[in-house]
Amino acid sequence: MKNFKSFAAMIDCSRDAVMNVESIKRFILLLEKMGFDSLLLYMEDTFEVPNEPYFGYLRGRYSQKEIRDLCAYGREHHVEVSPCVEMLAHLNAIFHHQAYSDIHDLDDILLIDEERTYEFLDRLFSSLESSFLSRTLHIGLDEAHMVGLGKYKDKHGIVDRTELFVRHLNKIREIAKKHGFHLLMWSDMFFRLATGGEYYDVNAELKPEKLKDVPDDVDQVYWDYYHDEQEIYSKMIELHRGISKADVVFAGGVWTWAGFAPLLSKAKKTIFPALASCREKGVDRVIMTAWGDDGAECSIFSALPAFFYAREAALGITDDQQIARDFEAMFSLPFEDFLDLELPNVITHTRDRALVTNPCKYFFYNDPLLGQFDVHADEKDEALYREYARRLLKMKEETGEFGYLFSYLSSLCSFLEVKVALGKKLRAAYQKKDRQALAKLSPRIEEATQRLASFMEESRSRWIKENKRQGLEISQIRLAGLKERLLETKRVVDEFLAGKISSIPELEETILPVEAGREDEKAPLCYNCYQWNATLGRL
């Protein structure tokens with residue numbers, strides 16, 4: 001790729017969805033076409049480690065044989081397949097098991113300075129060495145916000161946490177040398193520990209005396225998926241060069257992690273200034289990340305236009321019409337159709353696509369009786385979702401092997417057509433004591449339940465096509481829970497209309513803005529946690 005020594009993609013194989021081998025091979029072919037030379041598999045605990053039976057247990061972990069197969073396939077197609085793992089935080093899955101209690105600090109964080117911790121990490125290295133052809137390894141180390149403040153503090157007291165973090169890094173580095181790996185790491189903890197938790201503070205002061213022991217042969221990966229100002233990226237790159245003499249690598253995002261639909265315009269708005277800054281500042285290694293936060297509800301393949309934006313930005317191509325022509329020439333697919341995969345998040349009050357967040361997720365799970373998001377719902381969105389469902393379904397026939405993505409999101413929009421303002425209408429009719437309006441809404445609840453059942457089939461089909469079966473249970477539990485709440489809503493509305501109950505307490509409450517003190521109730525929200533979307537109680 002022009003101007004870049006390495007241009008990589010990273011796919012999330014840990015947030016419930018473990019992409020199956022066939023899908024990864026399919027993705028490698030797309031990367032090869034676009035000129036990407038590397039693929040990182042982000043695996044928290046989803047790879048086989050001999051003598052660690054609970055590591056990745058029931059989570060769909062890759063066998064060593066599967067990884068070797070993927071590495072060989074990648075080499076055949078000029079794409080190096082490398083591991084991206086976690087060696088400090090983001091290990092919540094293993095701490096479900098008593099087997100790892102002795103190396104648990106708190107939250108999802110390993111216990112530093114514990115001999116058993118480094119024996120465990122050595123086993124991870126041994127497995128990766130046996131499985132991967134690549135000797136480039138990303139070791140994570142990000143977002144360990146509470147490091148040293150749990151069991152570590154109980155055992156050792158309060159210590160300088162930057163020194164603790166750097167000491168852990170150096171111990172990992174020593175193990176890596178033994179196994180022949182060159183390391184990369186996320187850089188954010190150096191900033192968070194220096195600024196009380198902030199990462200993107202362009203005025204952060206990283207004290208040299210705190211960083212004197214940071215190794216110069218562990219590359220620092222600056223991740224940033226949020227800014228649309230080139231100046232911020234440039235300032236952050238300069239700050240990163242103060243951490244050590246190691247290379248700075250940039251990681252951008254393709255925005256697959258905010259619910260069912262990709263945020264392609266958001267990705268575009270951040271990718272172009274980021275890569276312009278990389279070219280200006282001489283950062284010649286890039287990773288484009290496709291995270292699957294909170295259930296991996298969005299297909300990585302639906303972000304193909306965002307990966308393509310990164311490819312074009314790397315080549316210095318910024319003209320929209322040229323990008324569309326290049327995409328269609330490369331894939332023989334209509335670029336504008338693919339951009340419409342983000343439509344489920346484009347609602348009445350966020351028609352500027354670059355500002356969209358994830359309404360298709362929070363309105364999807366918004367409880368029809370409790371209705372915590374109802375104050376933000378707009379009945380005009382029903383017509384929008386009806387049109388989106390029709391439009392996306394039509395595109396299914398035009399997009400070949402990717403048609404199932406359009407069918408999946410068309411079904412989502414069809415459900416949201418009847419669901420998005422359902423709770424708001426129910427509450428209004430009930431509080432006005434308009435029994436006739438309530439009676440008209442009862443069959444609409446039933447219609448929503450039927451459309452949800454259709455979406456559940458589409459969701460299952462999409463999951464099985466792309467991922468291992470493990471993890472599907474989470475999606476099905478969530479969707480079945482929503483179905484039951486719709487059934488309960490119809491039950492209580494019908495009971496109220498029949499005089500069997502005298503009130504519906506949930507509908508008597510006044511719904512407050514989701515965020516207290518919010519000046520503009522119509523401004524975009526971003527709520528990407530099923531737990532918070534479905535209930536204010538604890539699941």
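Start with the largest pocket, which holds about 970 Å³ of space. To see it, select Arg15, Asp16, Glu44, Asn92 and Asp294, the closest to its centre among the 34 residues that line it. A pocket here is an open set of points on a 1 Å grid over the protein atoms alone, with protein on both sides within 12 Å along at least five of seven lines, and a lining residue has an atom within 4 Å of a point. Grid points are joined across faces, edges and corners, and a volume is the space filled by probe spheres set on the points.

Before moving on, some ground rules. This is a predicted model, where local features need pLDDT of at least 70 and side-chain atom pairs count only at pLDDT 80 or more, while totals for chains, interfaces and linings use all residues. Residues are numbered from 1 along each chain as its sequence is written, and side-chain values use heavy atoms, with hydrogens and water left out.

Now colour the lining of that largest pocket by class: 13 nonpolar, nine polar and twelve charged residues. (Nonpolar covers Ala, Val, Leu, Ile, Met, Phe, Trp, Tyr, Cys and Pro; charged covers Asp, Glu, Lys and Arg; the others, Gly among them, are polar.) Helices α18 (472–497) and α20 (530–534) each supply at least two residues of this lining, and α18 has the largest share, with three. Helices are DSSP runs of H or I with at least four residues, strands are runs of E with at least two, and both are numbered from the N terminus.

Next, select Leu370, Gln372, Glu509, Ile511 and Leu536. They are the closest to the centre of the second largest pocket, out of 15 lining residues, and about 280 Å³ of space lies there.

Time to go inside. How many cavities of 30 Å³ or more does a search of the whole structure find? Four; a cavity is a set of grid points where a 1.4 Å probe fits but cannot get out. The largest has a volume of about 140 Å³; select Asp12, Ala17, Ala296, Ile300 and Asn467, which lie nearest its centre.

(Rings of Phe, Tyr and Trp, the last by its six-membered ring, pair if their centres lie within 6.5 Å; planes under 30 degrees apart are stacked, over 60 edge-to-face and the rest tilted.) Phe260 sits in the loop between β7 (248–253) and α9 (264–281) and Tyr365 in helix α13 (residues 359–365), so the pair ties together parts 105 residues apart in sequence.

Another pair to select is Phe338 and Phe406: ring centres 5.6 Å apart and planes at 90°, so this one is edge-to-face. Phe338 is buried, with a relative accessible area of 0%. (Buried means under 20% relative accessible area, exposed over 50% and partly exposed in between, with a 1.4 Å probe and protein chains only.)

Last stop: the largest nonpolar core, with 192 residues, where Phe27, Phe307 and Phe364 have the most contacts inside it. Such a core is a set of buried Ala, Val, Leu, Ile, Met, Phe, Trp, Tyr and Cys residues joined through side-chain atoms within 4.5 Å. Helix α15 (residues 403–419) gives the most, ten residues.
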